[in-house]
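Visitor: I am new to this one. Could you show me around?
Guide: Gladly; let us look together.

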Amino acid sequence: MEFRFNLNEFLRGDISKINKNLLPDSFNGDRRAAAKCIGYVSEIMDTMGLASAKAQALLKPITSAEKLRNSNYDVYLLADLESNNGKGTVVGLLKVGRKNLYMFDETGMTHERKALCILDFYVYESSQRKGYGKRLFEHMLHEENVLPHEMAIDKPSEKFLAFLFKHYGLQNIIPQSNNFVIYEGFFDYLKSDVANGTKGAASKQSGNDNYESEAQHSFMNHQDSIMPDEYGQSKYGRHAAYKPVSTIGQIVQSSANIEIPKNGS
């Protein structure tokens with residue numbers, strides 16, 4: 001996506017991490033330069049946020065400069081700084097952050113956890129299927145020191161689920177009662193201090209490399225595992241969530257099946 005300004009004025013690398021101050025992590029300048037940079041970054045966030053919402057058929061954007069400014073989330077911004085006659089173009093964004101969630105485990109038990117979440121992921125249409133999404137996602141995993149199954153994903157599209165399966169072999173979804181998707185192994189990770197951001201850990205990059213080699217084996221044979229069922233119902237999210245047995249429902253059903261004797265019988 002092209003913008004009216006030169007991205008090279010304030011971006012020092014292809015991938016920048018931006019938090020609530022709306023300044024790239026590599027920014028270096030005085031107060032006047034910072035104010036100018038914040039204006040540029042705000043325009044990028046608003047425009048890319050709108051494009052992401054449109055691509056996902058959302059009613060309103062989930063990423064904007066104002067939303068980022070009023071949160072503790074981070075946005076990883078991917079740019080091609082040599083394109084557009086040297087002015088650069090924005091290729092994609094990936095927003096992550098920690099949220100307190102109530103989640104079901106594999107047995108249907110409820111847990112409250114503070115989890116690292118993927119909140120928005122978008123690659124500009126003309127830049128898709130060129131490896132940009134994988135590059136951006138891998139950078140985030142390295143920076144956050146996590147593996148893909150250790151994160152919760154907010155209302156992922158079918159395309160994003162296919163991306164996770166193709167590159168990381170993720171397919172065993174634990175159904176939830178909300179819009180978040182988590183995968184098998186998620187609760188094992190949350191037992192550690194690293195999940196809560198309270199302790200450092202050794203790099204998990206080698207683990208990510210193993211994901212890709214294993215995932216390529218099975219992708220073509222299991223693409224239907226993330227598709228809706230024959231009734232068009234999603235296999236993840238609130239429709240697939242664990243639902244406790246309704247005692248009242250059982251009583252009503254049992255009453256309906258009782259045969260009432262006729263008069264005189």
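Guide: Helices (H or I, at least four residues) and strands (E, at least two) are DSSP runs, numbered from the N terminus. By that rule the protein chain has seven helices and seven strands. This is a predicted model, where local features need pLDDT of at least 70, side-chain atom pairs count only at pLDDT 80 or more, and totals for chains, interfaces and linings use all residues. Residues are numbered from 1 along each chain as its sequence is written, and side-chain values use heavy atoms, with hydrogens and water left out.

Visitor: What makes a set of residues a nonpolar core?
Guide: Its members are buried Ala, Val, Leu, Ile, Met, Phe, Trp, Tyr and Cys residues joined through side-chain atoms within 4.5 Å. Buried means under 20% relative accessible area (1.4 Å probe, protein chains only). The largest core has 38 residues, of which Leu7, Phe10 and Ile44 touch the most other members. Helix H1 (31-55) is one of the elements that give two or more residues to this core, and H1 gives the most, with eight.

Visitor: Why is there said to be a second core?
Guide: Because a set must be joined through side-chain atoms within 4.5 Å to count as one core, a separate set is counted on its own: 25 residues, including Phe137 and Met151.

Visitor: What is Leu7 in contact with, leaving aside its neighbours within four places in sequence?
Guide: Contact means heavy atoms within 4.5 Å. By that test, the partners of Leu7 include Ile44, Ala79 and Val90.

Terms used: Buried means under 20% relative accessible area, exposed over 50%, partly exposed in between (1.4 Å probe, protein chains only).
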